[in-house]
Amino acid sequence: MLKITNLHKVFNYGKINENYALRGVNLTLSRGDFVTIIGSNGAGKSTLLNVVAGSYLPEIGQVEINGQDVTKWPVNKRAFLVGRVFQDPLKGTAAEMTIEENLALASKRGKRRGLRLGLNQGRRHEYREMLSLLGLGLEDRLEDPVKLLSGGQRQALTLLMATLGDPEILLLDEHTAALDPKTAIQIIEITEKVVEQNNLTVLMVTHDLKQALEMGNRTIMMDRGQIILDIKGKERENTTVQGLLKKFNEKRGHEFTNDRVLLSE
Amino acid sequence: MWINLFMRTIEQGIAFSLLAMGVYLTFRILDFPDLTVEGSFPLGAAVVAKSIVLGVNPFLATLLAFIAGGIAGIITGVINTKLKIAGLLAGILTMTSLYSLNLRIMGRSNIPLLREPTIIRIIEEWGISSRFVALITFILIVLLVKALIDYFLYTEVGMAIRATGDNPVMIESLGVNTDYIKILGLSMANGLVALSGALVAQYQGFTDVGMGIGMIVIGLASVIIGEVVIRTSRIPLATLGVIIGSIIYRLAIAIALQLGFAPTDLKIVTAILVIMALGAPSLRKFMIQDEFAEHLLEEGVSDVKDN
């Protein structure tokens with residue numbers, strides 16, 4: 001499904017602020033895998049997601065999706081394969097456009113856009129039903145500009161948009177981090193719902209270690225540009241947050257530091 | 001006499017509204033500060049004048065002007081997206097090149113059209129009262145263009161253009177090549193601007209190579225006035241606002257002239273108008289902060305600086 005081979009990414013090579021963000025990352029996902037990614041500051045989690053999305057081109061290495069080598073494809077060319085939700089709720093939607101228009105933009109993901117009207121009654125009906133499943137009352141606000149929505153509502157809409165147009169992979173980059181705790185829980189529930197409905201393969205970066213162990217079927221831990229831990233199945237079920245931290249210390253010999261990380265059980 | 005002046009002013013407003021529409025497309029829809037306008041407006045006028053003088057049918061000549069403007073827009077778009085030169089500079093480069101090109105097209109700096117056939121004169125021959133010909137012609141053209149733009153901005157491509165101006169990262173992640181979209185938008189916008197130049201040249205009876213100076217500010221002023229008159233996020237209303245804005249701008253200018261302003265001072269008046277309108281949010285922010293401080297003082301907070 002997704003195959004990442006020997007990925008290296010360097011920023012500002014040869015300059016004083018050189019940053020070797022990915023140092024030989026290998027990762028293979030099967031269809032339907034839901035992988036949570038944790039790691040300390042600057043571990044390369046977001047860089048990894050950006051390389052999969054096509055925002056960054058790696059110096060060395062290969063990204064394959066569905067057996068196709070997409071390493072050199074720009075973002076817009078691989079859009080039909082990859083849906084994405086950013087941490088910032090403002091990034092995933094067009095603020096001045098209405099809810100239904102945003103959904104219409106997303107439903108043409110990676111397809112040819114022509115001179116037909118972007119919206120019609122059939123589509124409106126479809127969108128209304130989709131939105132009603134979110135349980136946020138957005139189905140009655142189809143014609144509202146997105147800028148009127150709260151952060152949580154926008155993120156929920158972004159999630160829906162990220163799954164429209166049948167992408168293969170969903171990338172979630174700390175997509176609940178900017179929300180208040182109650183809204184974050186709502187968004188997590190919606191995430192699980194849409195992932196299940198669309199049978200998506202997911203890479204999710206999170207700063208909540210407990211959530212990382214509870215969601216999905218596999219957890220990887222990154223540090224200094226490498227994957228240092230990859231657990232699934234029984235091993236993962238038996239791992240606690242404290243256990244994760246202990247494993248980190250054993251592997252790296254330094255403390256797990258992330259200024260936002262949630263350590264609570 | 002007053003009626004005549006009023007009608008001429010309305011006619012001008014409508015002829016220039018296509019320029020405002022182009023500026024609306026780039027500045028507002030595409031979020032691209034495009035200065036190509038200053039060159040594509042006289043380009044349209046130059047192409048239409050030269051073609052008419054060479055014996056081309058005025059309707060065809062007007063269409064050629066539109067196409068020429070579209071090409072100018074494409075050039076700015078390619079300079080910006082493919083060569084990664086900032087949008088503002090890309091527009092300036094095209095505009096500067098167009099000055100030379102326009103002189104080449106015209107062969108001299110001024111072409112009179114008073115004795116030539118124009119679309120206005122052709123329609124006059126169809127038997128419409130000559131008093132209303134220009135007005136009716138311009139209204140029909142502008143309404144047709146407005147309807148096409150309104151429709152287009154709700155199509156799949158048109159929505160991609162709006163999204164590119166709104167959130168380019170997002171629309172790219174949905175599979176849209178924002179480079180092509182920008183080039184397309186700039187091309188359409190400058191086509192409209194050149195069309196406006198072609199109409200104005202036929203209306204005033206001559207093309208002058210310097211007639212593009214200040215056009216960007218006039219276009220912006222019209223767009224801003226339109227936004228004040230009609231506050232909306234709906235495209236058909238917004239484009240209507242642009243047309244109304246252009247007419248109101250011409251009326252304001254006519255009044256200023258009647259009041260005794262020198263025609264040469266109008267550009268600075270227009271510029272100040274735009275500065276005030278665009279600067280209003282910042283000015284308001286100062287004022288609100290002051291109000292807030294006043295409010296605090298009234299509540300008995302003696303020294304706001306020390307916490």
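## Contacts and packing in a two-chain model

The contact between the two chains takes 20 residues from chain B and 28 residues from chain A, where two residues are in contact if their C-beta atoms, placed from the backbone, lie within 7 Å. This is a predicted model, in which local features need pLDDT of at least 70 and side-chain atom pairs count only at pLDDT 80 or more, while totals for chains, interfaces and linings use all residues. Residues are numbered from 1 along each chain as its sequence is written, and chains are lettered from A and ligands numbered from 1 in the order in which they are written.

On the side of chain B that touches chain A, α7 (156–166) and α8 (168–172) of chain B are the elements that give two or more residues. The largest share, seven residues, comes from α7(B). Helices (H or I, at least four residues) and strands (E, at least two) are DSSP runs, numbered from the N terminus.

The table sets out two sides by residue class. Ala, Val, Leu, Ile, Met, Phe, Trp, Tyr, Cys and Pro count as nonpolar, Asp, Glu, Lys and Arg as charged, and the others, Gly among them, as polar.

| Domain 1 of chain B, touching domain 2 of chain B | six residues | one residue | no residues |

Let's stay with chain B. Its domain assignment, automatic or from a database, gives domain 1 (2–260) and domain 2 (269–302). Their centres, taken over C-alpha atoms, are separated by 35 Å. Seven residues from domain 1 of chain B and six residues from domain 2 of chain B make the contact, and α10(B) gives the most to the domain 1 side, with five residues.

Helix α10 (residues 215–229) of chain B also meets helix α1 (residues 2–29) of chain B: their axes come within 8 Å and cross at roughly 85°. Axes are lines fitted to C-alpha atoms, for helices over the stretch in contact, and angles run from 0 to 180 degrees between N-to-C directions. The two helices α1(B) and α10(B) are therefore roughly perpendicular to each other (65 to 115 degrees). Among the residues that meet are Phe16(B) and Phe27(B) in α1(B), and Ile216(B) and Val223(B) in α10(B).

Now to chain A. Six strands form an open, mixed sheet in the order β6-β7-β8-β3-β9-β10, and strands pair if DSSP finds at least two bridges between them. Strands β3 (residues 34–39) and β8 (residues 201–205) of chain A run parallel, joined by four bridges; Val35(A) has Leu203(A) as its bridge partner in β8(A).

Key: Parallel < 35°, antiparallel > 145°, perpendicular 65-115°, else oblique.
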